[in-house]
Amino acid sequence: MTKPRSKKALYIGLPLALAISAGAGFAVWYYGFTDTPGYPIKVMQQADELHERMLSFDSHISLMQNFGTQGNEADKDGTGQFDLVKANRGRLSGAALTIFGWPELWNGANAPHKPTAGFVEEARNQQEIRYKIISGMVRDFPNQVAIAYTPDDFRRLHGEGKFAIFISMLNAYPLGHDLNLLDLWTARGMRMFGFSYIGNNDWADSSRPLPFFNDSPDALDGLSDLGKQAVHRLNDLGVIIDVSQMSTKALEQVAQLSRTPMVASHSAPRAMVDIPRNLSDKEMQLIKNSGGVVQVVGFSQYLRPLTQTTQDKLNELRKAFDLPPLPNLAMALMPGDPVIAAWPEKKFGQYASRLYAILEEEPKASLKDLGDAIDYTVRKIGIDHVGISSDFNEGGGVKGWENVGDIRNVTAELISRGYSEADIAKLWGGNFLRVWDQVQKAAKPALISQQGTSTP
């Protein structure tokens, strides 16, 4: 079943035409916009028409573990940032739905917990839950959604009016030390893999080592031997390597070892906010040199420094916990001070909860801030190496782009900045699809033939 197109009125009766003021009300009625964040009507009209014929792809959306349950149905316009109704409204062609799991930090009656090896099973359970959510959505709504295993699948599904799911995986922690699990997940449809999340693991150092996990910066000096083997295995499998959240040394080593383009699935330039989680100009250049893409993320705290009011509140909190004033913005965004390694679980939980509560009160960045980050990245590495991602359901979203139904507002911002329709199409998926095609063509044919293209 194809997506219903916008209803085009044949005419407007004279009384109605007179009642609608100077075109603004007409546009809301005609195009279904209820919020046009200050953009001219002609810009919104162009954005709307462009999304009727353009492929669009969001390279990082997380699924909550209760997605698909009562009150969070995939086919209803719910309170979450992603569902099939919103995707259709925004004309989003497809997205990377990310399967991830991490130590049982906040789960259970006595959370937070310091992780042990036993928590690997819980992290794997989280992976399975998210995979079952994806496969269940495809099973239950076959006329609306399907998994894309190749770029050609993605284009075909777009033509059929179906939402295309691209399966990605984030965090090697749940895989333990078993490289063969990469083969298993590739056979199940995974087409992008990111080594790191919050905290180091046995494969790679993270850009956000967490002392509560007994982490220290560059503990592995980048990639472990296992991580280096994984780079080659992923190349052979035709899986894109996602370098978002990696430490600088780990990213540099992937650049040296990989024979295929790298992707940063949800990152922003460090020039916008000076934190290790964001990409330096050098890191972005390495991604470009590989032929890859930086998918600029709509995550407020990576696009704009915290206000002084929020920093003052955080410093009051730090004083209450006998921590020195903020040394940098990285320590403002997570409980990352080395001394936290010695804290008991209860104290860590109290501090982390209050820190994140303060951050929740920080005003969101704007579409202008996102546009500035895209502009900067394009200037540094070129239009052919930049894309767009939201990080919805994991803190992503800026004012004007609150959910997948709002993507035309992002396009309106790009139009207002003078981007051509051809360049906007590159940003919204063309560049990513090119990389995906290159990565799959570089795979070893014997391994690709084992993957197949049948649904799980």
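## H15 against H16

Start with helix H15 (residues 367-381) and helix H16 (residues 407-416): their axes come within 10 Å of each other and cross at roughly 60 degrees. That angle makes H15 oblique to H16 (under 35 degrees counts as roughly parallel, over 145 as roughly antiparallel, 65 to 115 as roughly perpendicular and the rest as oblique). Helices here are DSSP runs of H or I with at least four residues, strands are E runs of at least two, and both are numbered from the N terminus. Axes are lines fitted to C-alpha atoms, for helices over the stretch in contact, with angles running from 0 to 180 degrees between N-to-C directions.

On the H15 side, the contact (heavy atoms within 4.5 Å) uses Leu-367, Lys-368, Leu-370, Gly-371 and Ile-374, while H16 brings Asn-409, Val-410, Glu-413 and Leu-414. Sorted by class, that's five nonpolar, two polar and two charged residues.

## A word on the model

This is a predicted model, where local features need pLDDT of at least 70, side-chain atom pairs count only at pLDDT 80 or more, and totals for chains, interfaces and linings use all residues. Numbering runs from 1 along each chain as its sequence is written, and side-chain values use heavy atoms, with hydrogens and water left out.

## H10 and its buried face

Helix H10 (residues 281-289) has Glu-283, Met-284 and Ile-287 buried (under 20% relative accessible area; exposed is over 50% and partly exposed is in between, with a 1.4 Å probe and protein chains only). Look down the axis of H10 and these buried residues fall within an arc of 100 degrees, so they line one face of the helix. The arc is taken from the directions from the helix axis to the C-beta atoms.

Covering those buried residues are, among others, helix H9 (248-257), strand S7 (262-267), strand S8 (293-297) and H15. After H10 comes Gly-291, with a positive phi near 95 degrees.

## A buried glycine in a loop

Gly-199 sits in the loop between strand S5 (190-194) and helix H8 (225-237). Gly-199 is buried, at a relative accessible area of 2%.

Setting aside neighbours within four places in sequence, Gly-199 touches Ser-206, Arg-208, Pro-209, Leu-210, Phe-213 and Asp-215.

Methods
Ala, Val, Leu, Ile, Met, Phe, Trp, Tyr, Cys and Pro count as nonpolar, Asp, Glu, Lys and Arg as charged, and the others, Gly among them, as polar.
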